Amino acid sequence: MAFVCPIDAKYPNEISTLLSPPSPLQVQEYFDQLVWMRQCRGLRVKQDGALGKGVFADAAFKEGDLVLKDQMLVGSQHTSNKMDCLVCSFCFRFVGSIELQIGRKLYFQDLGVSTNHQCDMEPSSPMSEDCYEAESDDGEEIALENNESMGGCSSSNSKGVALPNGLVESLMNGGLSLPHSKEFSMPPAIPCSGGCGEAFYCSKSCAEADWEAFHSLLCTGRKTEPSRREALLKFIQNANDTNDIFLLAAKAISSTILRYKKLKLACSEEQRKYGNIVDLSILLEAWKPISMGHKRRWWDCIALPEDVEPSNEVAFRMQIREMAFTSLQLLKEAILDEGCEPLFSLEIYGQIIGMFELNNLDLVVASPVEDYFLYVDELPSPYKEKAEEITRPLLDVLGDSYSICCQGTAFFPLQSCMNHSCYPNAKAFKREEDRDGQATIIAVRPIHPGEEVTVSYIDEDLPFEQRRALLADYGFECRCPKCLQQQHP
């Protein structure tokens, strides 16, 4: 029997109002303003009664033209990816240096190899305070320049190749400069002012923007009240153990709470005389950016895994609902604001996560570490051979992990309005110059004024029946020219 969330029972009218679709006029005004603010020249969001929202061209685009760069509403780097890539927690641009990025990779790689010996790391470094020693089976070390005084930690891989003691520490604390690394400069890593040791930024402006928009409620640093910090850590651990999409949902709720507080402060004393009683008009305004996304309950729209039999579908979806409720209770313990209590209903939480499930785009930022090793590989002789005396042992130890890019998931408000076609005229594609987490949409064929800009939600090269089955999880049947032709050849 389905359980009832207490907040759903307490605020049925408020929750219903929050989840009611905005009026067509509200939608049009919001997206017109967003297009203007983003300076998205040549685009317009239009509404269709049957298909909902769509993005249309107001100007001509040639094949390969940039159609849209869209800033995310909320985004999150996958937890497992944080070990490979140190990026700005707000814009997801790589930070630090080539040396620091490689040093962190080696450090975390060591954690899975050996934990024989602790040594001190610089506390201010964007890294754990401990590092560990690992040696090859035969005890040999690979010689690098300037390594005579590098005492301390070593690094190795499963093939038994070892690096000099202290190399990892030297890479991370600036004691060793790799050849040609200055060709790949990055902004320094600025730590979170709250002292959590988890968030780093490429600039003071990104640090301030993240604090104001999300992180001030989600920071687990020393400035956070102890009981709230403990609750946050439990929520984060649960998300890491189950599904890190909960971390993204937490950012959506946090941003709404912080907008609510800001709007409430701007109200007059007369408007605020009711204290902590929910002021629905203020909450609705704070909720507006989230309200514009297409939503369904997460446990209703999540695709049924291949290993779950159809006869077990009801039990599977109930399990997903219970998982969401557990996560929500932990989040509520950490960041509940009485004026925003309806946001902590299971119905709201499920719809937020469902919005991400249906609309999210992969967050991908290419790694400068991969670019660095490719650059060295393409150097002319004898510069290549000289550089590889130092870089080749690092590459051998890193293995395939050298090329791992920043990976996560994000919700982009304008991109999410783009409808699907199995014969799309645009696609998400990162160019060489696109080095942050913004969504980049490129035309794959000419787009004429008045034409709808479409992307494919799936692999459009799959056979018709497979495409139809995958799109069923999105709740619609594709009627693009390609599908109509293949359905009725």
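User: How are two packed helices described, and at what angle do the axes of helix H6 (residues 204–218) and helix H8 (residues 245–266) cross?

Analyst: Two packed helices are described by the angle between their axes and the distance between the axes. Here the axes of H6 and H8 come within 8 Å and cross at roughly 110 degrees. Axes are lines fitted to C-alpha atoms, for helices over the stretch in contact, with angles from 0 to 180 degrees between N-to-C directions. Helices (H or I, at least four residues) and strands (E, at least two) are DSSP runs numbered from the N terminus. The model is predicted: local features need pLDDT of at least 70, side-chain atom pairs count only at pLDDT 80 or more, and totals for chains, interfaces and linings use all residues. Residues are numbered from 1 along each chain as its sequence is written, and side-chain values use heavy atoms, leaving out hydrogens and water.

User: Are H6 and H8 roughly parallel or roughly perpendicular?

Analyst: Angles under 35 degrees count as roughly parallel, over 145 as roughly antiparallel, 65 to 115 as roughly perpendicular and the rest as oblique. H6 and H8 are therefore roughly perpendicular to each other.

User: Which residues of H6 and H8 make the contact?

Analyst: Contact means heavy atoms within 4.5 Å. H6 contributes residues including Trp211, Phe214 and Leu218, and H8 contributes residues including Ala250, Ile257 and Lys262. The residues of this contact divide into 8 nonpolar, 3 polar and 4 charged. In this scheme Ala, Val, Leu, Ile, Met, Phe, Trp, Tyr, Cys and Pro are nonpolar, Asp, Glu, Lys and Arg are charged, and the others, Gly among them, are polar.

User: In what order do the strands of the open sheet with S3 lie?

Analyst: Two strands pair if DSSP finds at least two bridges between them. The order is S3-S13-S12, with antiparallel pairing. Strand S3 (66–70) and strand S12 (426–428) are the edge strands, each pairing on one side only. S3 is joined to strand S13 (residues 439–443) by 4 bridges, and Asp70 stands opposite Ala439 in S13.

User: Why is strand S10 (residues 406–411) largely enclosed by the rest of the structure?

Analyst: Buried means under 20% relative accessible area, exposed over 50%, and partly exposed in between (1.4 Å probe, protein chains only). In S10, 5 of the 6 residues are buried, so the strand is largely enclosed. Strand S4 (residues 74–77) is joined to S10 by 4 antiparallel bridges, with Thr409 as the bridge partner of Ser76. Strand S9 (residues 361–365) pairs with S10 in the antiparallel sense over 5 bridges, and Leu363 stands opposite Gly408.
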